[in-house]
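Subject: A structure for you to explore

Hi,

Here is the structure I promised to pass on. Have a look at it first, and then read my notes below.

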Amino acid sequence: MIKQKISQKDRVKIFFYEYYFGHGANISVTRVIGGPLILIYGLHLYFNENNRLGIGYAGFMVLFGFYYLLKPLVIILTQKSWYKNFDLDYKIEPDKIIVQSGKSKSELDYSDLKKVLKRKTYFALKTKSDQGIYLPIKLLSPNETEILNKLKN
């Protein structure tokens, strides 16, 4: 088993990239421009409305726009335990990957993977049960990188 320490900085980078760009074009566009668009439209309504209902709705839109814009930061700040440094023991073999974290050990046959995606700095392995394993490329050996490159969709 190869023991690697994935830093908090690497985990946060992976989270941001997966949040904004890991779920397809429609969701990516919505997450990138949705918050600012709602915020701008809410401010426009707030300064141009004449009745109380319109101003109340505009205030809601401004608050929701801020929330949607800052949602990734809120997740990181409220779920700090997800992003702590942790040791990851793994072994990538030609037919399976063995992952051990703490006391749990999992053997994952490659046929159980729904997707293997190569991102700029990491590999994202998605299982059929929608769980994700993220392996930074800088921690992989050339042989392991070659095996994962053969598997990618």
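Please keep in mind that this is a predicted model. Let me start with the lining of the largest pocket, whose residues divide into 14 nonpolar, 7 polar and 5 charged. That makes 26 lining residues, with R11, Q131, G132, I133 and Y134 lying nearest the centre of the pocket. The space inside the largest pocket comes to about 730 Å³.

Which elements build this lining? At least two residues each come from helix α1 and from the strands β2 (86–92), β3 (96–101), β4 (104–109), β6 (122–127) and β7 (132–136). Helix α1 gives the most, with 5 residues.

The second largest pocket holds about 200 Å³ of space. Here, too, α1 gives the most to the lining, this time with 4 residues. Among the residues that line this pocket are D10, K13, I14 and Y17, as well as R119, K120, T121 and Y122. By class, its lining has 4 nonpolar, 1 polar and 5 charged residues.

Now for the helices. Helix α1 covers residues 8–21 and packs against helix α2, residues 25–48, at an angle of about 110°, and their axes are 7 Å apart. Angles of 65 to 115 degrees count as roughly perpendicular, so α1 and α2 are roughly perpendicular to each other. Where do they meet? Y19, Y20 and F21 in α1 are in contact with S28, R31 and V32 in α2. The residues of this contact divide into 4 nonpolar, 1 polar and 1 charged.

Enjoy exploring!

Best wishes

Terms used: Residues numbered from 1 in each chain as written. Predicted model: local features only at pLDDT ≥ 70, side-chain atom pairs only at ≥ 80, totals over all residues. Heavy atoms only, no water. Axes fitted to C-alpha atoms, helices over the stretch in contact; angles between N-to-C directions. Parallel < 35°, antiparallel > 145°, perpendicular 65-115°, else oblique. Contact = heavy atoms within 4.5 Å. Nonpolar A, V, L, I, M, F, W, Y, C, P; charged D, E, K, R; others polar. 1 Å grid on protein atoms, 1.4 Å probe; cavity = no way out; pocket = protein on both sides within 12 Å on 5 of 7 lines; lining within 4 Å. Points joined across faces, edges and corners; volume = space filled by probe spheres on them.
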